[in-house]
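Hi,

Here is the structure I promised you.

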Amino acid sequence: MTLERNRTLSQIFKNMATIYKYRGGDDRFKSIAYGKVAKVINALQEDISEYKKNNSLEDLPGVGEGIAQKIEEYLKTGKIEKYESLKKSSPNELLEMIDITGFGAQSLKQIHEDLNISTKKELVKALQEGSIRKLKGFGDKKVENMLRGLKLHKEIEDRMLLSDALEIGEQILKWIKEIPNVKKVELAGSLRRKKETIGDFDVLLTCDEKDRKSVIDSITISAFAKKVILKGNTKISIIHKNSDRQIDFRIVNEDEWGAALQYFTGSKEHNIHLRKIAKDKGYKISEYGIYSTDTEKKIAGKTEEEIYSTLGFQFIPPEMREDLGEIELASKHLIPKIIQFEDLKGDLQIHTLDSDGVNTLEEIVNHIKSHFSYEYIVITDHSKSLRIANGMDEDKILKQIEAIQLMNKKLGEEFVKSGIEVEILKNGDLDISDQVLSKLDWVTASIHTNFNQDNTERIIRACENPFVHCIGHPTGRLIGEREPYEINFEKVIEASKRTKTVLEINGQPNRLDLNDKLAMLAQKAGVKLVISSDSHSLANLNYIKLGVFVAQRAWCTKESILNSKSWAEIKKFTKFHSKVMSTIIL
Ligand code: DGT
Ligand code: CA
Ligand code: CA
Ligand code: ZN
C-alpha cells in the first residue's frame, strides 16, 4: 500500500505552516499547529482515508475541528481552499528560503514588500548588486550573513543529502536489476563511501558482451531516463526522472568488476595515492585491473579484495577511502574494526508526543521491540524553554518518569530509560533544576537558541554540570541551512574528557552532528561518543544508521561509541557524575 496521499497532504500542511510563519504575528501559532500536523500525517502508518474509516480524525495528535475539516475537504476534493488562497497572497518562491540563516520571515517580508521582489533570482541579484543593503536594518554584517546562507543553500541544491540519495539509490538498483541479462549491479562513488552529501550517482554493472547493446538500450529508452547525456559502449550518463539527478553508468566485464568497483568508488584522492604506490611497486592500476609494468600482463581485477591484496594491502572499507592515512594503515594491516549498526545496544535520543514527537511511548516501544534488537532506549523529550517544541516543565517530566516506570513494569525489564534533551540557556545554565535532573537516567544537553555567539563556554558549563551525561548535536549546523555556531572544539574536547561528558553523533539527515571530521578528532583525543537517531517518529528511528555512517567515516571503533556497551557499562563510565552528584545531594 502506498502512503502517497499522506505525503501530499502532509506537504500541503507543511507549506501552510511556512506561509503562516512568514505572515508572523498570531499566525505563528497556526504555523506551529500546522507544522505538527504535517509531521503527524507524514508519520501515519496507514492511508489517511483508511484511518478515517475506523477513527475520528480528531484522535490524531494536534488535529482539532478546524484541521479535521480541512483534511475532509482534501479527501473529498483533492484541494484545500484555504491553502489555495494563502498561496495566492504570498511570495511562495521566497518562502523556500525561510529557514536559511539570515533569511527569516521578517527579512523576507521586508524584501518582498519594500523591493517588490518575489523570485529567488531577483533576490540573489538584489543581494549581489547591493540594493538590499539600502533596506532598514540590513547592514554589511547582515548582508554578508545572507550571502553565506545562500552559498550553503546552493551547495545543497547542487548536491543532495545522503539519506535522500540512499533512498533514490535503492530505486535505481531495483530498476537496473529488472533489466534482462544484467548480472551484477552496485552503487559506487560518494554514495558507497556514505559522504554526507552526494553530487551524482555512479552505478556499476556487468553483463555478457553479447547483451551489452540491449542492456544499454534498455537503460536509455527507459521512462526513468529523463534525458540521455552520453551513450557509449561502456559509459552512459542520464538525468534520472525521479530525482532530476545525473547517473553515470559504467558497464564492465565480469573479470574487471573488482577493479572497476574500486576505481569508481573513489575517492579520487584515495585512488591517486593508491596508483602512485602501485607504480612504485611495479604495477599499473586502472579501472580494468592491475597490470605488471614490465610484462603488461594483467594480474588482478575480478574482486575488490584482490585489488587491495595484490598490492599487499588489507581491505579498506569504502567509508574510509578518503586518503586520510587509511592506505598507510592498510599496508601495515592495521585497519581498525570500525563500528557497525549491529554493534549498537540502544538509541539514546528519542522524542515522543510529550514534546515534539508524533508517537506515544507505547507505539515507540512496540515498534522498537519488533524492528530492532536493542537492550535499552532512552526517551529524551525537550525541556520547557523550547516552547516551539512543546518542551516539558518539571511536573510533566516527573509524570513521564512514572509512565516509563509503568511501561517497564509491563515489559518486565528496565528497557526504557528516562532521559531528557535539556536546553542549555544563553549563559550555559540549564532550564531544569538539578533536583529534577537527578531523577533521570540520562541527560543530554543541547543548544537550540542564540546561535550567533561563541558557544564554547556555554557548552563547557553544560559539561561541568554533574547531571549532564551528553552534549546533543554539538555544533548546531544544519546542512544547507545553517553553519555551525562558533566553538573552540579543542576546548570542548578537553571539557568533555575531563568531565566524562560524551558527545553525540546525531543521525538526523540534515544534522549529522558531530560530522565525520570532528568525530574523528574527538576519538583521537580519547573522547567517548554516542550515536543517536534523534527520532521524532517511528520512521525516524532508522536515522541512527546515518549516524553509524558518520562514525564509520570517522574510523570510530566500538571502544569509542558508548552505546555499543551495556547500560551497566555506560553507567560505570559516567560514574563521575554520580560521584559528584552524591556529594552535592548529601
Ligand atoms: P560526488 O559525485 O561529487 O559526490 O563525488 P564522487 O566521489 O562520487 O565523484 P565522481 O562522481 O566525480 O566520480 C566517481 C568516482 O570515480 C570517484 O569517487 C573516483 C573516480 N574518479 C573520478 N574522477 C577521477 C580521476 O580523475 N582520477 C581517479 N583516479 N579517479 C577518479
Ligand atoms: Ca558521484
Ligand atoms: Ca559521477
Ligand atoms: Zn535537539
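This is a predicted model: local features need pLDDT of at least 70, side-chain atom pairs count only at pLDDT 80 or more; totals for chains, interfaces and linings use all residues.

H1 and H4 cross in the right-handed sense (left-handed would mean the near helix is turned anticlockwise from the far one by less than a right angle, and right-handed means clockwise). Helices (H or I, at least four residues) and strands (E, at least two) are DSSP runs, numbered from the N terminus. The axes of H1 (residues 4-23) and H4 (residues 65-77) come within 12 Å and cross at roughly 130°. That makes the pair oblique, as angles under 35 degrees count as roughly parallel, over 145 as roughly antiparallel, 65 to 115 as roughly perpendicular and the rest as oblique. Axes are lines fitted to C-alpha atoms, for helices over the stretch in contact, with angles from 0 to 180 degrees between N-to-C directions.

Among the residues of H1 that meet H4 are Ile 12 and Phe 13, and Tyr 74 is one of those on the H4 side (contact is heavy atoms within 4.5 Å).

Then there's an open sheet of five strands, ordered E2-E4-E7-E6-E5 with mixed pairing; a pair needs at least two DSSP bridges. E2 (184-187) and E5 (225-231) are the edges. E6 (residues 235-240) and E7 (residues 246-252) pair antiparallel over five bridges, with Ser 237 partnered by Asp 248 in E7. Helix H13 (residues 257-265) packs on the sheet and touches E2, E4 and E7.

Residues count from 1 along each chain as written, chains are lettered from A and ligands numbered from 1 in written order, and side-chain values use heavy atoms, without hydrogens and water.

Cheers
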